[in-house]
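Work through the exercises below with the model open. Try each task before reading its solution.

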Amino acid sequence: MSERLERGLGVLRAEMDKKVMSFFSSCVRCGVCAESCLFYTETNDPRYTPIYKTEPMRKLWMNEYSFWGKLKSALGISESLTEADLADWEELVYDGCSMCGRCSMVCPLGVDISMVIFKVKHALAVAGFSPEGLVGATQRAVDIGSPMGITMTTVNAMIKHVEEDTGLKIPMDVEGAEYMALLSSNEIALYPEYLESLAKIFDHAGISWTLSSDAFEATNSGLQIGNKKIAGQLVQRVVDGAEKLKVKTVISPECGHAYTALRWEGPNFIGKAYPFRVVHILELLDELTTKGILKTTGIETDRLTFHDPCSIVRRGGIQSQPRNLLAPITENFVEMTDHGSMNWCCGGGGGVSSNERAEALKLTVFNRKKSQIEELEVDAVVTACSNCRMVMEDGLESNELDIPVLGLTEMIAEHLAPKTAG
Ligand code: SF4
Ligand code: SF4
């Protein structure tokens, strides 16, 4: 047996807990999960059926943990998991799954399919079966601190521009600040208006906040590639930064997987609870608005809709907050079909958008989101994840649709009431 196969098998065996075993013994192969997955619905390729993506782990369970499998193994007639199996599933798991979690919502037997897919991804990552683009991004995240290779020099340049544009100081490494904000790579490279919006909003609300030069990056490539050890290292970097500055709350930016990594998986990755609170920026904005600390003014007359980022709504339960924030500043807001917890993914989550090999497939599966947007005849789409924003902008452009995609934090910043309004 090759060393990499042994590594992969080692992970699959370690991850084979009672929950996973009960899932495999419960699955009746009804195929209901297929219709929930945009990689299946937009390609009609049965290989993209969610439960099929777990096949390496199911095969191992069948051979080593089920009664019939053990009997077959004893008789020497079982089909062992091979290195070729791992190589074959690399494309299905990395290119053909955005880890959106929609399949886990529909299984009548309660199989948490996406959770098992993540375990398979973890095994593939440890065995060295991961796409080149993601491997490079993860290496840069470990070595440089950012998957795009962004350093403090770039961050400082962005800060300088934001300070010039807003006339506001961007606080850096302020010990004892109440809030520590993080930025995703996309927000640094593509959407600096996010930082500009934070500066305006926090100035309006009179909030003490800071960035950390040790931990400005929110993107967690370890989660995207499926390597729990690296995911933990990247979470620990944020924890160390927050502890050093003694902040009370860390703000996850408009980035779906960063929120999942830090808010929900982080304590498991590092094996301990945080000494601070983690909130998504939308949770904070809603909280400040409810307390009357944040006041907005003006109304958007354009016809707008909201794209729920999977990690934020389905994994994080942040469904009412964006609607609470949008309601007072829109008069022509329409919901997508299947909005909220049953939203359809943009197609680029789970590292798909960082995986060049998956580009064509990503654009194919974007057809689902395109149809949802087109049928509403909206002037613009609002969202709260910079990755979704980038994927939707690319998808709409490649379909020659001139529909802008806006960040919700930025919209709120544009509608801040004058400070004198009380
Ligand atoms: S919906 Fe559930 S029971 Fe049906 S095939 Fe998928 S995982 Fe198995
Ligand atoms: S997590 Fe989403 S993309 Fe992945 S198999 Fe399930 S429904 Fe499909």
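Cys, Val, Leu and Ile are among the residues that count as nonpolar, Arg counts as charged, and Gly counts as polar. The model used here is predicted.

**Exercise 1.** List the residues around ligand 1 and sort them by class.

Solution. Start with the stretch Cys 27, Val 28, Arg 29, Cys 30, Gly 31, Val 32 and Cys 33. Now sort: the shell holds 10 nonpolar residues, one polar and one charged.

**Exercise 2.** Describe the contact between domain 2 and domain 3.

Solution. First find the bounds: the domain assignment places domain 2 at 144-290 and domain 3 at 304-421. Their C-alpha centres are 21 Å apart. Next, count the contact: domain 2 gives 28 residues and domain 3 gives 29 residues. On the domain 2 side, the helices that each supply at least two residues include α12 (193-205) and α15 (256-270). Finally, classify that side: 11 nonpolar, 10 polar and seven charged.

**Exercise 3.** Trace the pairing of β6 with β5 and β7.

Solution. Begin with β5 (residues 304-306), which runs parallel to β6 (residues 380-383) and is joined to it by three bridges. Leu 304 has Ala 380 as its bridge partner. Move on to β7 (residues 405-407): three bridges pair it with β6, again in the parallel sense. Here Val 381 stands opposite Val 405. Last, follow the chain from β6 through helix α20 (residues 386-398) to β7; this β-α-β crossover is right-handed.

Notes
Residues numbered from 1 in each chain as written. Chains lettered and ligands numbered in written order. Predicted model: local features only at pLDDT ≥ 70, side-chain atom pairs only at ≥ 80, totals over all residues. Near = placed C-beta within 6 Å. Domains from an automatic or database assignment. Contact = placed C-beta atoms within 7 Å. Helix = DSSP H or I, 4+ residues; strand = E, 2+ residues; numbered from the N terminus. Pairing = 2+ DSSP bridges. Right-handed = clockwise from strand over helix to strand, strands pointing away.
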